[in-house]
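Here is a guided walk through one protein chain. Keep the model open beside the text and follow along.

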Amino acid sequence: MRRRTVGRTAVLAGLVALTALATGCGIRTTSVPVDAGAAPSRVPCSVTQEGTTSTTGAAVQGVPVRVFLVCGSQLEAVDRRSLPEEKAGGDPVRTASGLLAQLLAEPSESEQRAGFTTAVRGPLVVTGGHKGDPAGTLRLSRQPEDLAPTALSQLVCTFAASSAGAGEQTVLLGGPGGYPPKRYRCTTELRERPESTPPTAPTTP
């Protein structure tokens, strides 16, 4: 009887030791690399160009312009060349019209590969202000508030950064009706979150 008791005790002690060893070690590290799949791809949001391109992707001669497109959920500036040249300088309405045409056009192949898109959709035209509007006012064929927020953000930042703007990264923008124009501001926060409503400032600086 004593031998059987001793034997059973030894077996139980061995099982307890094995259980403690298994629970104490946890998950062992391994030197063998584990394939967890490819890392998430990130769009570059940068266009490498041999020459500034038009909206068709072909190299052209013209006046350099800058438009804001959507990339990675933010607004990023893209350099282009206007066509024809007179739409990029001098008359603010001509400048705004040329910039609007750039935003309405589909991004070039190189821009699309870099992750750029545009939220601006037609039909949409821009004209000068109404009688009584502050100097430098631009009027859209649709009320600015009726546009998609990202599209309006693109317009505000593109116009504000050009000679069509009203200075200090702002643009005086209104719609076709009798509502007074608003001075929209292009801020760092707006470029980072273009889906938000563009901030405004007093019409008279």
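Start with helix H2. Its buried residues are Thr95, Ala96, Gly98, Leu99, Leu100, Gln102 and Leu103. This is a predicted model, and each value here is computed from its coordinates.

What covers those positions? The cover over the buried residues of H2 includes E1, E2, E3, E4 and H4. The helix itself has 13 residues. From first C-alpha to last, H2 reaches 18 Å, close to the 18 Å expected at 1.5 Å a residue. Its N-terminal end is capped by aspartate 91. There, a side-chain oxygen of aspartate 91 lies 3.1 Å from the backbone nitrogen of valine 93.

Now step back to the whole chain. Its secondary structure comes to 5 helices and 7 strands. Along the sequence, the pattern reads α-β-β-α-α-β-β-α-β-β-α-β. The chain has 205 residues, and 33% of them count as buried. Consider the contacts between residues at least 6 apart in sequence: 57% of these join residues at least 24 apart.

At the E7 end, look at strand E6, residues 182-185. E6 and E7 pair in the antiparallel sense over 2 bridges. Tyrosine 184 has threonine 200 in E7 as its bridge partner. In general, strands of a sheet pair through backbone hydrogen bonds, either parallel or antiparallel.

Helix H4 also belongs in this picture. With 12 residues, H4 reaches 16 Å from its first C-alpha to its last. That is close to the 16 Å expected at 1.5 Å a residue.

How many of the 12 residues of H4 are buried? The count is 11, so the helix is largely enclosed by the rest of the structure.

E1 covers residues 64-71, and E2 covers residues 74-81. The two pair in the antiparallel sense over 8 bridges. Arginine 66 stands opposite aspartate 79 in E2. Together E1 and E2 form a hairpin, with 2 residues between them. Glycine 72 sits in the turn and has a positive phi of about 60°. Of the 8 residues of E1, 6 are buried, so this strand is largely enclosed by the rest of the structure.

Finally, the cross-links. The structure holds 2 disulfides. Number the bonded cysteines in sequence order and the pairing is 1-2, 3-4.

Cysteine 71 counts as buried, at 2% relative accessibility.

Another disulfide joins cysteine 157 to cysteine 186, with an S to S distance of 2.1 Å. Left-handed or right-handed? The torsion about this S-S bond is about 95°, so the disulfide is right-handed. The pair links distant parts of the chain, 29 residues apart. Cysteine 157 is in helix H4, whereas cysteine 186 is in the loop between E6 and helix H5, residues 188-192. Is each end buried or exposed? Cysteine 157 is buried, with a relative accessible area of 0%. Cysteine 186 is buried too, with a relative accessible area of 6%.

Definitions and conventions. Residues are numbered from 1 along each chain as its sequence is written. This is a predicted model: local features need pLDDT of at least 70, side-chain atom pairs count only at pLDDT 80 or more; totals for chains, interfaces and linings use all residues. Side-chain values use heavy atoms; hydrogens and water are left out. Two strands pair if DSSP finds at least two bridges between them. Helices (H or I, at least four residues) and strands (E, at least two) are DSSP runs, numbered from the N terminus. Buried means under 20% relative accessible area, exposed over 50%, partly exposed in between (1.4 Å probe, protein chains only). The expected span of a helix is 1.5 Å times one less than its number of residues. Contact means heavy atoms within 4.5 Å. A polar contact is a pair of N or O atoms within 3.5 Å; within protein, one must be able to donate a hydrogen and the other to accept it, and residues adjacent in sequence count only if both atoms are side-chain atoms. A disulfide is a pair of cysteine sulfur atoms within 2.5 Å.
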